[in-house]
Amino acid sequence: MSVRILALVGSLRAGSHNRQLAEAAVKLAPEGAEVNLFEGLAEIPFYNEDIDVEGSVPAAAVKLREAAEAADGLILFTPEYNGTIPAVLKNAIDWLSRPYGAGALSGLPVAVVGTAFGQFGGVWAHDETRKSVGIAGAKVLEDVKVSIPGSLTRFAETHPADDAEVAAQLTEVITRLHGQATETAAA
């Protein structure tokens, strides 16, 4: 079974190391898995129930929901901003969690990974992201944890795809997500 995995990046910066991780995941996806990097989180307005009404949902939010609904799994790449999840990623989760109980995240297998400059690699943000996406209805792979510390030095001259340890970790995450998505589809 070919599995489609949607990648969302919680950093909007062009040179973001988390974006580079997502690019590496696209490149390293094993046979039977396709990772697609979503573009456009910056265009999605902050979630507001007043604009989340049939016929008036912003086009950028519709695009995100459609991409998630077409996916068999989701991988979230997040840095840590002030000890927690970046607003752009939390906003995406909020949009995907609606309509309540039937959002695009409902039952969707999700893995959370990332890198940050600090010595713990964004662990707090990753934990908060798992919590948020789980409450939103996703099937979080709780034991899949990749939090890479020291991003500014580790990836100063090396793209994550060219870091053997990181490449192996990402391949394992995608393989686990592939297995969970296949299991979910068979159920």
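**Entry 1: helices H2 and H3**

I began with the packing of H2 against H3 in this predicted model, and found an angle of about 75° with the axes 10 Å apart; axes here are lines fitted to C-alpha atoms, for helices over the stretch in contact, and angles run from 0 to 180 degrees between N-to-C directions. That angle makes H2 roughly perpendicular to H3, where 65 to 115 degrees counts as roughly perpendicular, under 35 as roughly parallel, over 145 as roughly antiparallel and the rest as oblique. I took helices as DSSP runs of H or I with at least four residues and strands as runs of E with at least two, numbered from the N terminus.

On the H2 side I listed Ala 61, Leu 64, Arg 65 and Ala 68, which meet Ala 92, Trp 95 and Leu 96 of H3, with contact meaning heavy atoms within 4.5 Å. By class, I noted 6 nonpolar, no polar and 1 charged residues in the contact of H2 with H3; Ala, Val, Leu, Ile, Met, Phe, Trp, Tyr, Cys and Pro count as nonpolar, Asp, Glu, Lys and Arg as charged, and the others, Gly among them, as polar.

For the ground rules, I noted that residues are numbered from 1 along each chain as its sequence is written, and that side-chain values use heavy atoms, with hydrogens and water left out. Local features need pLDDT of at least 70 and side-chain atom pairs count only at pLDDT 80 or more, while totals for chains, interfaces and linings use all residues.

I then looked up Leu 64 in helix H2, which is buried at a relative accessible area of 0%; buried means under 20%, exposed over 50% and partly exposed in between, with a 1.4 Å probe and protein chains only. Not counting residues up to four places away in sequence, Leu 64 touches Leu 8, Phe 38, Leu 41, Ile 44, Ala 92, Trp 95 and Leu 96. The C-alpha atoms of Leu 64 and Leu 96 are separated by 7.6 Å, although the two residues are 32 apart along the chain.

**Entry 2: helices H3 and H4**

I found H3 and H4 packed at an angle of about 15°, with their axes 9 Å apart, and they are therefore roughly parallel to each other. Leu 89, Lys 90 and Ile 93 of H3 make the contact with Thr 129, Ser 132 and Val 133 of H4, and I counted these by class as 3 nonpolar, 2 polar and 1 charged.

**Entry 3: helices H1 and H6**

Between helix H1 (residues 17–28) and helix H6 (residues 164–186) I read an angle of about 70°, with the axes 10 Å apart, so H1 and H6 are roughly perpendicular to each other. Leu 21, Ala 24, Ala 25 and Leu 28 in H1 meet Val 166, Ala 167, Leu 170, Thr 171 and Ile 174 in H6, a contact with 8 nonpolar, 1 polar and no charged residues. Leu 28 of this contact is partly exposed, with a relative accessible area of 22%.

**Entry 4: backbone details**

I noted a cis peptide bond joining Arg 98 and Pro 99, with omega about 0°; Pro 99 is in the loop between H3 and S4. In the loop between S3 and H3 I came to Asn 82, whose phi is near 55°, a positive value in a residue other than glycine. At 84% relative accessibility, Asn 82 counts as exposed.
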